[in-house]
Amino acid sequence: MSSKSLELEKQTSSSDKPKTTDMGRTGPPGLPEATKPVNIYVKPVNMCLWRLMLIVGTFIYGSYTIFAHLCEVDGRIPFSSASMILVTEVMKLIISICMFMPEVRRDGFTMPSFMYALPFSVPAILYCFNNNISMQMQTQMDPATYQVLGNLKILSTAFLYRLIIKRPISGFQWSALALLVAAGVSNSYGGLHAKGIQTAGTIHVTLKGLGMMAMYCFISGLAGVYTEYILKDRYQTSIHLQNIMLYLFGIILNGGVWFLAEVKYQDDNKDLAFHLFRGYSSYTWIIIITQAFCGLIMSAIMKHSSNIARLFLISCAMLVTTILSVLVFNLQLNLYFCSAFVLVLIALYLYHKK
């Protein structure tokens, strides 16, 4: 037999071998092969649909704090934040399962091991904390301030990118981060010195709100960087399966938080305790539906693009929130807020400058 025939026979025999997953057994392409993550990430849809998804995500993210304030009754949130987030996680899980089913019918399915799924519990814990604190922050500041100060998560994400993923920070980006800090100081100073009744129509923020925001931005950066890492480290795994594992942990965690909160609530309101939808309004359901889709959009961005694109979306949402605040709550802008707004825009330009 000639050397060419032998080579052809080897190639044929190797291509007939079944794929082996990183769990040490053969399985369908729904699970990753034991290979290093690829370096080029392909968008799952064409660029027009991808851009449309980013635009929709921007409007959803910018409207979140608006609807949260519309839910308020006498300056407080009338429902359990853990309940709302639990229902949102269930909705995201249902959508992810529906989107994963065509892949299962086409390729089959191999159940991932618990150890394979365990890393997804880390972002689930971080998001569980952050999603709850995010809702509680709405009573500590106005929507526009929430969105402007929320841009400080760019600061934490940049440092964690440098620390964990070893991505260098350019001189322009360092300048942008400094401007973000200046914007946060300017907006905080104006908000802390706000006079009169503090409503969604006035620029204001409390010291408690600033402390919550600092914690929120750091955890958001950590959760974003870690989530991007595990999604891309298992890039060959279907994003729908990855989301299912993440949301299952989210349901367990948020279900536990809701149960403990209801046990405490039962002491004063025995008849109303353990009512999952207690205090819900039409605005609450709008938040749940939009945030479910927002979570799926963010997962797609982190898997097929990067946290930089996610942060750009979040920063653009600042414009949406400010415009909606003026239209819905007749927000009165002050000099400190306007200065912070301009500084954030300049920082965004410098941070994303090539």
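At the start of α10, which backbone nitrogen does a side-chain oxygen of Ser-238 reach? The nitrogen is that of His-240, and the oxygen comes to within 3.2 Å of it. A polar contact here is a pair of N or O atoms within 3.5 Å, one able to donate a hydrogen and the other to accept it; residues adjacent in sequence count only if both atoms are side-chain atoms. The model is predicted, with pLDDT of at least 70 needed for local features and 80 or more for side-chain atom pairs, while totals for chains, interfaces and linings use all residues. Residues are numbered from 1 along each chain as its sequence is written, and side-chain values use heavy atoms, without hydrogens or water.

Helix α10 covers residues 239-266. Its 28 residues span 39 Å from first to last C-alpha, close to the expected 40 Å (1.5 Å times one less than the number of residues). Helices are DSSP runs of H or I with at least four residues, numbered from the N terminus.

Helix α5 (residues 121-137) packs against α10. The two axes come within 9 Å and cross at roughly 45°. Axes are lines fitted to C-alpha atoms over the stretch in contact, with angles from 0 to 180 degrees between N-to-C directions. That angle makes α5 oblique to α10 (under 35 degrees is roughly parallel, over 145 roughly antiparallel, 65 to 115 roughly perpendicular, the rest oblique). The crossing is right-handed, with the near helix turned clockwise from the far one by less than a right angle. Among the α5 residues that meet α10 are Pro-123, Ile-125 and Cys-128; the α10 side includes Leu-246, Phe-249 and Leu-253. Contact means heavy atoms within 4.5 Å.

Helices α6 (residues 143-150) and α8 (residues 171-192) also approach within 9 Å between axes, crossing at roughly 155°. They are therefore roughly antiparallel. Their crossing is left-handed. Thr-145, Val-148 and Leu-149 of α6 meet Gly-184, Asn-187 and Ser-188 of α8.

The axes of α2 (residues 47-71) and α11 (residues 282-304) come within 9 Å and cross at roughly 145°. This crossing is left-handed.

How values were computed: Helices (H or I, at least four residues) and strands (E, at least two) are DSSP runs, numbered from the N terminus.
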